[in-house]
Amino acid sequence: MKINDKENKKLLLANKIVMALSIGLLAITVFGLVRKPLYTGTTISSLYLGLALMLSAYLNQKRIAAELEGKTTADERSLRVGEKSGFAAYMVLIAALLVSGLINSIFNLELEYTFTVNVIAFASVISWIIIGHHINKKG
Amino acid sequence: MKDKIEIVAGILIAVAVLTTLYFYLTSVGHIGSGEISVAVIALILVVFAIYVLWDRLKNVQRGLPSKDERLININHKAGYYAFIAAIWSAVGVPMLSDFLFHYELEGSRVGSAVVIISGFVFAISYLYMERKGN
């Protein structure tokens, strides 16, 4: 679907706002590293969120540029692959959270849970990409 | 047969959640607003799961597959939205807590928030798409 100029300008503006937001979040990460006391959860989260927003803004920029040239960037199949792999990754995320919580309380592992949640969230994003790639290849 | 196994497994999970909730509430001692809100949220999610299971059970009783192609697609789409909500809540909730209350949230509370927020997003988007169409 080719987007019209008016909509395109709105998307570009939104993309610039997202880019500014991501830079702000990365600045918060740097600030978080030097302030006392160190809030590890917030620092990791702002780094994670900032990088994710920056990547998303970059990919959007590429998509808008491609659509302006009349190319189709996302067909029905690739949308379905994204949804299916997202569903599977969601199940992985919830199962990992539940299992890690149970194991932590049963065996008294005293896991640093702030880190654990971030690691699980990051791992599920990676699993989303891998499952998506697998479904894409498999058909 | 596979459909029936899925439904029975779903019912067992719902019963397990309710049992865990019962043990949680009886072991807490003093039941405050925090415990009540956790219980209410868990009950809402269990009611949603029971509704989905009941809907599938009706299909099986009619001799139909428990879920058709449309419901499978809705399931995937709702799961995808819930996944996005889970990721953003995992990074957003600790940040909001820090900026608004200057308090670093414990990881276990972040984990609970992720499960509850994504569960709600899944339930709402599933019901919305089921009513509206894919």
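First, some housekeeping. This is a predicted model, where local features need pLDDT of at least 70, side-chain atom pairs count only at pLDDT 80 or more, and totals for chains, interfaces and linings use all residues. Residues are numbered from 1 along each chain as its sequence is written, while chains are lettered from A and ligands numbered from 1 in the order in which they are written.

**Stop 1: chain A**

Select chain A and colour by secondary structure. You'll see four helices and zero strands, running α-α-α-α from the N terminus on. Helices here are DSSP runs of H or I with at least four residues, strands are runs of E with at least two, and both are numbered from the N terminus. Of its 139 residues, 26% are buried; that label needs 20 or more other C-beta atoms within 10 Å of a residue's own, whereas 12 or fewer makes it exposed and anything in between partly exposed, with C-beta atoms placed from the backbone.

Now pick L59(A), which sits in helix α2 of chain A. Buried or exposed? L59(A) counts as exposed, because it has 12 C-beta neighbours inside 10 Å.

**Stop 2: chain B**

Of the 134 residues in chain B, 26% count as buried.

Next, colour 1–66 and 68–134 separately: those are domain 1 and domain 2 of chain B, with bounds from an automatic or database domain assignment. Their C-alpha centres lie 18 Å apart. Four residues of domain 1 are in contact with four of domain 2, where contact means C-beta atoms, placed from the backbone, within 7 Å. On the domain 1 side, the residues divide into four nonpolar, no polar and no charged. For those classes, Ala, Val, Leu, Ile, Met, Phe, Trp, Tyr, Cys and Pro are nonpolar, Asp, Glu, Lys and Arg are charged, and the others, Gly among them, are polar.

Zoom in on α4(B). Its 26 residues should span 38 Å at 1.5 Å a residue, and the end C-alpha atoms are 37 Å apart, which agrees; the expected span is 1.5 Å times one less than the number of residues. Buried residues in α4(B) include G107(B), V110(B), V114(B), F122(B) and Y126(B).

**Stop 3: where the chains meet**

Bring chain A back. The contact takes 26 residues from chain A and 24 from chain B. On the chain B side, α3 (69–101) and α4 (107–132) each supply at least two residues, and α3(B) gives the most, with 14. By class, that side has 13 nonpolar, seven polar and four charged residues.

**Stop 4**

End on F83(B). Which residues does F83(B) touch, not counting those up to four places away in sequence? They are G86(A), A89(A), Y90(A), L93(A) and W128(A).

How values were computed:
Two residues are in contact if their C-beta atoms, placed from the backbone, lie within 7 Å.
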